[in-house]
Structures are given as C-alpha cells and as structure tokens.
Amino acid sequence: MLPTQPEPARTIARASTPRGDIALRRRAHPGEDTAYELIVGGVFAMDTVDVSTEIELAVLGLAACVAPRRVLVGGLGLGFTARAVLADQRVRHVVIAEIEEALLGWARDGLVPTLTEVIADARVQIRAGDIAELLAGEDIFDVILLDVDNGPSFLVHPTNSRLYAEATLSGALARLAPGGVLAIWAAQPEPALLDSLVALGHRRGDVEVQEVQHSVERDGRTLAYAIYLVGVQA
C-alpha cells in the first residue's frame, strides 16, 4: 500500500486589513493532528507544527516572576502562548492585545481550537488594538509577554520596529509591578536588542537582562530562536 499523503494546505478564512491581507490555512495528515497556518501579507507568520518556543516564552516569563497574577500578552497568534499562561494557576487575569480583529473573529467562530479555548477562559480580557497603546498607558502588570513580530531584524510589518525602540521598551518596563518581568520573543538572536536592553538596565539600575536561545529542528534545518527576559527588582 502506498503511504498516505498529507492534504495540501487549504485556506479556510481570509481578511483584508490596513496592514495587508491575512489568511488562515488548515492542513490535515492522516493519523496526525490538524495543522493551522497563519499567513500575513503573503508571508508565513506561524503554524501549529512546532509551538515550543511560543510556549517557552510564557513558561520562562512566568517562572521568572514570584507572583504572576496579572499578565499582558502582546499578540494572540494561534493562542499557544496565552494557553500556556492560563495553565499557570497563579495567574488571575490575562489581557491579550491583538490588532487584527479578523483573527479575534476567527477565534470566536471556532476555526482554531486553541484560540477558542483561550478566549473562553473567564480570566481573559481581549483588547482589540495596538499593543503599543497599552504599553503607553497606565495599567500595571506582573508579566508582559511580547510576540508581536519576528524581532527587529526580521519584521513582517516594518512599522513594528517601534516596538523594539528604547522608548517603547522603557515604557514596557514602566508598566511592570516591582518584581515584574518583560519577555520578548524573536525568531533569531538579536544582539542589538540585547545591547539595548542591557543599556536600559544600566541606566535604571534595577533591571536584570537574560538571553535564552532555543533550537528547533524543522524541515532538515536547525533554527535558533531567542527569548529576552528583563526582570525588575522587587
């Protein structure tokens, strides 16, 4: 008998946004979980084949905070970072900032099980809008997790470069309670971002910075991701 071939990826939802088209695709393979892909502006953004680094962002950020009761997640994505946050019983309230309202609609419509699970949790509050606006506000969090783009040197949306600028990073730290943690996901190590965070820490005098690299084997390649942890002293 010939081996069963995977089903080609099929677009199940599409929307036009001010930032370009976004599309949700689904791919099934007999005997394996259905995989979902998010395409942004014609560029592959993420899928559910390997979500280890998205989960690690939450795990590391929460582990570095003694009492992560109130958490801000920047970027809903396909829901795996937020779901990992909600698995921690210390968490009492989660604010998720997502700029693409179509993605929120797909979550409400049940198109991706993980998204539907996340938004159904009573601890979750969705903020439809730009994470930068929240970081410039007055709300205080114990943990802030940022997975909005691929990192400053591999941007899907060039306007997201401001999220890695000193003013935004400083504003994010100002939104943290004493003992709070800022964690930033990147699709590759970002030496310039690390230098900026370390310099910011030196100026503040109450911040510790750590870079954690995570390797993933995929399609015959080894991919190196990075997570940047910035802890504020209690």
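This is a short chat about how to read some features of this predicted model.

Q: What should I know about the numbering and the predicted model before I start?

A: Residues are numbered from 1 along each chain as its sequence is written. The model is predicted, so local features need pLDDT of at least 70, side-chain atom pairs count only at pLDDT 80 or more, and totals for chains, interfaces and linings use all residues, while side-chain values use heavy atoms, with hydrogens and water left out.

Q: How are two packed helices described?

A: By the angle between their axes and the distance between the axes. Helices (H or I, at least four residues) and strands (E, at least two) are DSSP runs, numbered from the N terminus. Axes are lines fitted to C-alpha atoms, for helices over the stretch in contact, and angles run from 0 to 180 degrees between N-to-C directions. Take helix 6 (residues 166-174) and helix 7 (residues 191-204): their axes come within 11 Å and cross at roughly 55°.

Q: Which word describes how helix 6 and helix 7 lie to each other?

A: Angles under 35 degrees count as roughly parallel, over 145 as roughly antiparallel, 65 to 115 as roughly perpendicular and the rest as oblique. Helix 6 and helix 7 are therefore oblique. Their crossing is right-handed (a crossing is left-handed if the near helix is turned anticlockwise from the far one by less than a right angle, and right-handed if clockwise).

Q: Which residues of helix 6 and helix 7 meet?

A: Contact means heavy atoms within 4.5 Å. On the helix 6 side you'll find Glu166, Leu169, Ser170, Leu173 and Ala174, and they meet Leu193, Leu197, Leu200, Arg203 and Arg204 of helix 7. Sorted by class, that contact has six nonpolar, one polar and three charged residues. Here Ala, Val, Leu, Ile, Met, Phe, Trp, Tyr, Cys and Pro count as nonpolar, Asp, Glu, Lys and Arg as charged, and the others, Gly among them, as polar.

Q: At what angle do helix 3 and helix 4 cross?

A: Their axes cross at roughly 90° and come within 8 Å, so the two helices are roughly perpendicular to each other. Leu103, Ala107 and Arg108 in helix 3 meet Leu115, Thr116 and Ile119 in helix 4. That contact divides into four nonpolar residues, one polar and one charged.

Q: Which residues of helix 3 are buried?

A: Buried means under 20% relative accessible area, exposed over 50%, partly exposed in between (1.4 Å probe, protein chains only). In helix 3 (residues 101-108), the buried ones are Leu103, Leu104, Gly105, Trp106 and Ala107. They pack against several elements, including strand 1 (10-17), strand 6 (93-98) and helix 4 (113-120). Just past the end of helix 3, Gly110 has a positive phi of about 75°.

Q: How many residues does the largest nonpolar core have?

A: A nonpolar core is a set of buried Ala, Val, Leu, Ile, Met, Phe, Trp, Tyr and Cys residues joined through side-chain atoms within 4.5 Å. The largest one has 45 residues, and Val71, Val85, Val94, Ile96, Trp106 and Leu145 have the most contacts inside it. Helix 2 (residues 80-86) gives the largest share, five residues. Another core, of 27 residues, lies apart from it, with Val95, Phe141, Leu193 and Ala226 among its members.

Q: Is Glu208 buried or exposed?

A: Glu208 counts as exposed because its relative accessibility is 62%. Look for Glu208 in strand 10 (residues 207-218). Not counting residues up to four places away in sequence, Glu208 touches Leu229, Val230 and Gly231.

Q: Where is Val148, and what does Val148 touch?

A: Val148 is in the loop between strand 8 (141-146) and helix 6. At 31% relative accessibility, Val148 counts as partly exposed. Gly74 is 74 residues away along the chain, but the C-alpha atoms of Val148 and Gly74 are separated by 6.0 Å. Beyond four places in sequence, Val148 touches Gly74, Gly75, Ile131, Asn160 and Leu163.

Q: Where is Gln188?

A: Gln188 is in the loop between strand 9 (176-186) and helix 7. Gln188 is partly exposed, with a relative accessible area of 31%. Its C-alpha atom and that of Phe154, 34 residues apart along the chain, are separated by 8.4 Å.
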